[in-house]
Amino acid sequence: MVNGFIQLHRKIIDEWFWNNPKLAHLMVTLILEANHKSKEVFFECIKRLVRRGETIRATRKLESLTGMSRSTISRLLKAICKGEEIEITATKASHIRILRYDYFLSSDLDENWDNETMGYS
C-alpha cells in the first residue's frame with residue numbers, strides 16, 4: 001500500500017453516485033488511486049504521462065481493491081463515464097481520468113494539523 005492521504009471534501013455526499021454504495025465505493029477508490037501529481041510510467045512498452053487525477057488500472061486490480069466482480073466494475077465504470085465523472089482511454093488496462101478530481105479534494109488543511117497530532121513522527 002502507498003503511504004499518504006487525501007483530504008476528501010464532504011460535498012461528495014451530495015453527488016448523484018453517492019446513494020449507490022457500489023458506485024460511491026468505486027468512485028472513492030478511483031480518487032484514492034489517482035496520481036496526486038503528474039508522473040511518467042512505462043506501460044505496454046511505451047512511456048506514458050499519467051497526469052494529476054489520472055490512473056492506469058486493470059479491472060483485475062480494481063476487483064482486488066473493491067471486492068466487486070469484473071462485470072460489476074465494468075457496468076459501474078460505464079455508468080460513471082455516462083455521468084461525466086471520468087473519461088477512459090482503453091488500453092490493455094484502463095487509463096482513467098477523473099474529470100473533477102480537484103473538486104472532490106479539499107485544499108483546506110487544518111492549520112493545527114501536524115505529523116505529531118496524527119501520530120506520524
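## Burial of His 95

A residue counts as buried when its relative accessible area is under 20%, and as exposed when that area is over 50%, with partly exposed in between. In this predicted model, His 95 has a relative accessibility of 13% and therefore counts as buried.

His 95 is part of strand 5, which spans residues 94-98. Its side chain makes a polar contact of 2.8 Å with the side chain of Glu 54. Glu 54 is also among the residues that His 95 contacts beyond its neighbours within four places in sequence; the others are Leu 49, Val 50, Thr 55, Ile 56, Glu 87, Ile 88 and Thr 89.

## Packing of helices 2 and 3

Two packed helices are described by the angle between their axes and the distance between the axes. For helix 2 (residues 59-66) and helix 3 (residues 70-82), the angle is about 100° and the axes are 9 Å apart. Angles of 65 to 115 degrees count as roughly perpendicular, so helix 2 and helix 3 are roughly perpendicular to each other.

Helix 2 contributes Thr 59, Arg 60, Leu 62, Glu 63 and Thr 66 to the contact, and helix 3 contributes Arg 70, Ile 73 and Leu 77. By class, the residues of this contact are three nonpolar, two polar and three charged.

## Cysteines

A disulfide requires a pair of cysteine sulfur atoms within 2.5 Å. By this rule the model has zero disulfides.

Cys 45 counts as exposed because its relative accessibility is 69%. Cys 81, at 28% relative accessibility, counts as partly exposed.

Terms used. Residues numbered from 1 in each chain as written. Predicted model: local features only at pLDDT ≥ 70, side-chain atom pairs only at ≥ 80, totals over all residues. Heavy atoms only, no water. Buried < 20%, exposed > 50% of the residue type's maximum accessible area, 1.4 Å probe, protein only. Axes fitted to C-alpha atoms, helices over the stretch in contact; angles between N-to-C directions. Helix = DSSP H or I, 4+ residues; strand = E, 2+ residues; numbered from the N terminus. Parallel < 35°, antiparallel > 145°, perpendicular 65-115°, else oblique. Contact = heavy atoms within 4.5 Å. Nonpolar A, V, L, I, M, F, W, Y, C, P; charged D, E, K, R; others polar. Polar contact = N/O pair within 3.5 Å; in protein donor to acceptor, adjacent residues only side chain to side chain.
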